[in-house]
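Subject: Structure handover

Hi,

Here is the structure I promised you. Please open it next to this email and follow along.

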Amino acid sequence: MTLGMQLLLLQIVIVLTTVVGTGVAAVWMQEQQLRDAYEDRMVAVAQSVAGLPVITEAFDDLDPAATIQPVAEVVRRASDVTYIVVANDLGIRYSHPNPDRIGEKVSTDPAIPLSGQVYVGTQTGTLGESWRVKVPIFAADGEVMGQVSVGILESELRADFAGGLTMLLVALVAAAVIGVVGSAWIGRVIRRRIYGLEPDEIRALLETREAMLHGIREGLVAVDDNGRIVLMNDAAARLLDIDEPAAVLGAQVDAVLDRELAAFIASGEDRETLVLSGERVLLVHGDRVGVDGREIGSIAILRDRTELETVLRELEGAQGLAEGLRAQSHEFANKLHVVSGLLELGHVEAAIAFIERVGSGGALSTLDEHDGIGDVETAALVLAKRSRSQELGIELRLDPESHLDAAGDDAPRTELLTVVGNLLDNAIEACVLGGRVTLSIRDDLEPATVVVRVDDDGPGVPEDRRAAIFEPDVSEKSAAPGKARRGIGLTIVTRIADRLGGSAAVTASPTGGARFTVRLPWPGPGDRERAATIAAADLGARA
């Protein structure tokens, strides 16, 4: 059975059940209202007859019926009831629609009205089954001296009820027809809204969608026209460092994502661009999404370019090193020619003096123990950066007061390498030939903190741009085609510092350029010894 037929039958059942239930309740309520109306009328008629002075005074006459019967008949015809029977305390009738019944005893038990109470109910008398009311007639001294019985035949009551029931049934049938037609229309509307798909097809589409979204490596983020996130797959959550993608659905995109990425996705521009999100470099392809010719939002495909950008920066360094080596090869060739000429002329001592004067001048350098860098990875990075700077004609000097102990497993070693590498690259690029860069790394200035300070003698950073220098795409140099994107290294530095609870700042350097200072949490030997002592004590307590 198709979904449309299921919906139609289900709604028809609901409509008919509702109509029938409502009809039964309406019929019952109408009958009760009809009976209540007749009861009020009969009680009023009976009490008015029982209170008429002409009726109560006639009880003392020799022939009470001669007075009571005409009055009772006039009231009966005026009030549209079947009968009005007046009887004394012995149950002898003084009035009756059939005059032949006058003087006879009433056919039903008069005990209730003769006890001073009012009786309402259905009984069968000489005229048939009737809905009746019996009230007592009180004498002047308060004693009960008779009763008045007013009633209407059940057959007349049913006929009156059937007359009003016809319109009710017509209304119920009309409601049922309208409900069925409306159900059919609703079924067609729902089918159009779900593009005529059956439940199995919808389930298959949903399963395929979920498998596709969570199986691909690219991140997907969809935003509606109101700027709310409506879709985010697992890959996007991983790239954007979001733990629960379901928790951000419905949230404003600018409240969840970085400003640059949120603005690009919300714009719906059909292009690709590099965006810095957190500490990742993402290649984002954006586009508008439309359904039936109507635009409903924007979608973005995210790819991680962090490793590629790192490789591009390393390639730039390798290219710079190659250019430096090419230039140095000419210099070495000239020096070799000088040495060769001196030796050919027999000036051996002059050749030796020349060699000692020009020095090594090569790209190979070393870091001695007294340089203060005890962390092997950091020392290797500084050595590599020094080699590159020498080939570019720039002196990279390590502050003699630098001090960095070997890092433990709990130290942010990767983050420190990223910070030092980015700061040195930035400083080397800022210098010109013959410039100087000074690096200071110290973990002994502040408790549990490593302070990285890099000075250069380049143009520096104007004071009005120091706050913006850490923002994405803020750089004094533009990226060449095929080269890494500019203006992200310092942004990554400050984001690492913020994430670890540190700080990053730029000021004027005494050497005339810029001084970048970064503070990162760095557990020292004392901290590690205290942590080990606490752990040992905890294990001992558990044992």
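β3 and β4 form a hairpin with five residues between them. Gly 142 sits in that turn and has a positive phi of about 90 degrees. Helices (H or I, at least four residues) and strands (E, at least two) are DSSP runs, numbered from the N terminus.

Before you go on, note that this is a predicted model: local features need pLDDT of at least 70, side-chain atom pairs count only at pLDDT 80 or more, and totals for chains, interfaces and linings use all residues. Residues are numbered from 1 along each chain as its sequence is written, and side-chain values use heavy atoms, with hydrogens and water left out.

**The sheet**

β3 and β4 pair in the antiparallel sense, over nine bridges. Two strands count as paired if DSSP finds at least two bridges between them. Look for Ile 137: it stands opposite Gly 146 in β4.

Now go to the other partner of β3. β2 and β3 are also joined by a hairpin, through two residues. Their pairing is antiparallel and has seven bridges. Tyr 119 has Lys 134 in β3 as its bridge partner.

β1 pairs with β4 (residues 144–153) through six bridges, again antiparallel. Here Val 85 stands opposite Ser 149 in β4.

In what order do the four strands lie in the sheet? The order is β1-β4-β3-β2, in an open sheet with antiparallel pairing. β1 (83–88) and β2 (119–125) are the edge strands, so each pairs on one side only. From one strand to the next, the twist averages 30 degrees. Angles here run from 0 to 180 degrees between N-to-C directions; axes are lines fitted to C-alpha atoms, for helices over the stretch in contact.

**What packs on the sheet**

Helix α1 (residues 3–50) packs on the sheet and touches β1, β2, β3 (128–138) and β4. Contact means heavy atoms within 4.5 Å. The direction of α1 makes about 35 degrees with that of β3. Helix α5 (residues 154–193) lies across β2, β3 and β4. α5 runs at about 45 degrees to β4.

Is β3 largely enclosed or largely open? β3 is largely enclosed by the rest of the structure, because eight of its 11 residues are buried. Buried means under 20% relative accessible area, exposed means over 50%, and partly exposed is in between (1.4 Å probe, protein chains only).

**Salt bridges**

Side chains of opposite charge can pair when their charged atoms come close. A salt bridge here is a side-chain nitrogen of Lys or Arg within 4 Å of a carboxyl oxygen of Asp or Glu. By this rule the count comes to 20. Take these examples.

- Arg 77 and Glu 73 meet at 3.7 Å, N to O. Both lie in helix α3 (residues 64–79), four residues apart, about one turn of the helix. Arg 77 is exposed, at 55% relative accessibility. Glu 73 is buried, at 9%.
- Asp 200 and Arg 203 meet at 2.8 Å, N to O. They are three residues apart in helix α6 (residues 199–215), so about one helical turn separates them. Asp 200 is exposed at 52%, and Arg 203 is partly exposed at 45%.
- Asp 258 and Arg 495 meet at 3.2 Å, N to O. Asp 258 lies in the loop between α8 (253–256) and α9 (259–267), and Arg 495 in helix α14, so the pair ties together parts that are 237 residues apart in sequence. Asp 258 is partly exposed at 24%. Arg 495 is partly exposed too, at 22%.

Salt bridges that share partners also join Glu 31, Arg 35 and Glu 154 into one network.

Thr 494 lies in helix α14 (residues 489–500). Thr 494 is buried, with a relative accessible area of 14%. Leaving out residues up to four places away in sequence, Thr 494 touches Phe 470 and Ala 504.

**A patch on the surface**

Which residues make the nonpolar surface patch of about 320 Å²? They are Met 1, Met 5 and Leu 9. Patch residues have over 30% relative accessible area and no salt bridge; like charges are joined within 9 Å, nonpolar side chains (Val, Leu, Ile, Met, Phe, Trp, Tyr) within 5 Å. Areas come from the Shrake-Rupley method with a 1.4 Å probe; for residues, only the protein chains shown count as cover. Leu 9 is found in helix α1 and is partly exposed, at 39%.

Best wishes
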